[in-house]
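Trainee: I'd like to learn how to read a protein model. Could you walk me through a few features?

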Amino acid sequence: MGPWTHGDRQLTYVGDVDFGPAATIDGNVARDFLTLRLRWFDRWLKGEKNGIDAEPNVRIFVMGGGSGRKNSAGRLDHGGRWRSERDWPIPDTRWTSYYCGRDGSLSVTKPSERDAWREYRFDPAHPVPTIGGTVTSGQPVMVGGAFDQREGSRFFGSTEPYRPLAERPDVLVFQTPPLASEAEVTGPIAATLWISSDCPDTDFTIKLVDVYPPNADYPDGFAMNVADGILRVRYRDSWERPSMMTPGPVYPVRVTAFPTSNLFARGHRIRLDISSSNFPHFDVNPNTGEAEAKATSSRVATNRVFMDASRPSHVVLPLIPPRR
């Protein structure tokens with residue numbers, strides 16, 4: 001697993017971020033991609049004893065470790081390296097819950113408040129624009145990859161003055177203090193949220209972000225998207241049997257993101273963004289409960305996320321112990 005988008009395994013960059021010369025398959029994992037595949041097929045289809053059996057079961061590219069400055073091509077030098085593991089998920093993973101706080105904190109300490117929540121109004125007419133991510137063949141409407149999470153003229157649905165997504169009133173932001181030591185997150189990402197809405201159906205999104213501190217090249221820092229996911233709440237219990245919400249009651253939901261591998265450097269922050277749209281990557285929920293692609297109207301939803309002792313919304317991060 002590498003840091004590319006689909007088919008771009010020969011590139012060291014994706015979006016506005018460069019992962020260094022080690023990022024490509026060619027010359028790093030194998031002589032080239034054809035050789036990599038041919039050896040595998042030779043072993044398992046032709047029975048050749050070519051050493052494939054003795055190679056590691058898992059090869060991952062751990063993003064991070066770069067200078068954090070702008071390289072000669074104008075991209076953020078995030079860096080990264082290949083590493084071998086014996087299984088997936090990695091056996092010594094420390095599955096760690098990071099809890100959302102009403103004050104915007106993201107902490108391993110479970111909240112103790114009795115009744116805490118934050119809410120926002122999600123207007124389907126003004127969705128959060130897609131700024132990179134796991135997008136394939138979306139141009140010119142959308143582009144995949146890693147970007148500073150800030151609106152801009154090249155991102156569909158952005159509006160001037162092109163502010164950071166974190167400043168939108170329909171995006172809840174939770175982040176750690178600057179890290180005292182580096183933290184590797186490698187594996188699947190899942191958040192458990194306790195939510196309510198005044199509509200019969202809505203969406204909830206999560207986004208994991210690596211927040212760079214300011215430097216001379218990026219005086220406002222750089223909020224790099226790492227992984228994101230979405231849930232249409234009618235499918236919270238079953239894909240086959242959708243169930244609408246009753247406005248008011250609190251529901252636990254699980255929102256997952258694709259697996260990732262990123263080294264959050266010392267001084268960076270781990271951030272979790274929660275919202276209800278990521279468009280045009282995902283279609284916008286009209287909040288009415290109507291069938292997908294058949295809605296004839298829309299409603300503005302008031303959505304709440306709870307973060308107290310009995311309803312501790314959190315994301316579980318797969319932390320990997322330091323490797324020598």
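Trainee: Where is the place of proline 89?

Mentor: Proline 89 sits in the loop between β5 (80-85) and β6 (94-100); strands here are DSSP runs (E, at least two residues) numbered from the N terminus. A cis peptide bond joins tryptophan 88 and proline 89, with omega about -5°. Keep in mind that this is a predicted model: local features need pLDDT of at least 70, side-chain atom pairs count only at pLDDT 80 or more, and totals for chains, interfaces and linings use all residues. Residues are numbered from 1 along each chain as its sequence is written, and side-chain values use heavy atoms, with hydrogens and water left out.

Trainee: Which residues does the other cis bond join, glutamine 139 and what?

Mentor: Glutamine 139 and proline 140 are joined by a cis peptide bond, omega about 5°. Proline 140 is in the loop between β8 (117-122) and β9 (172-175). Tyrosine 162 is found in the loop between β8 and β9 too, and its phi is near 60°, a positive value in a residue other than glycine.

Trainee: Is tyrosine 162 buried, exposed or partly exposed?

Mentor: Buried means under 20% relative accessible area, exposed over 50%, and partly exposed in between (1.4 Å probe, protein chains only). Tyrosine 162 has 25% relative accessibility, so it counts as partly exposed. Alanine 293 has 85%, so it is exposed. Alanine 293 also has a positive phi, about 70°, and lies in the loop between β14 and β15 (301-306).

Trainee: How many disulfides does the structure hold?

Mentor: A disulfide is a covalent bond between the sulfur atoms of two cysteines. The check is for a pair of cysteine sulfur atoms within 2.5 Å, and the structure holds zero disulfides. Cysteine 100 is buried, at 1% relative accessibility, and cysteine 199 is buried at 0%.

Trainee: What about the nonpolar core, how many residues does the largest one have?

Mentor: In soluble globular proteins, nonpolar side chains tend to be buried together. A nonpolar core is a set of buried Ala, Val, Leu, Ile, Met, Phe, Trp, Tyr and Cys residues joined through side-chain atoms within 4.5 Å. The largest one here has 49 residues, and Leu193, Ile195, Ile274 and Leu317 have the most contacts inside it. Strand β10 (residues 183-197) gives the most to this core, with six residues. Apart from this core lies another, of seven residues, including Val128 and Phe147.

How values were computed:
Helices (H or I, at least four residues) and strands (E, at least two) are DSSP runs, numbered from the N terminus.
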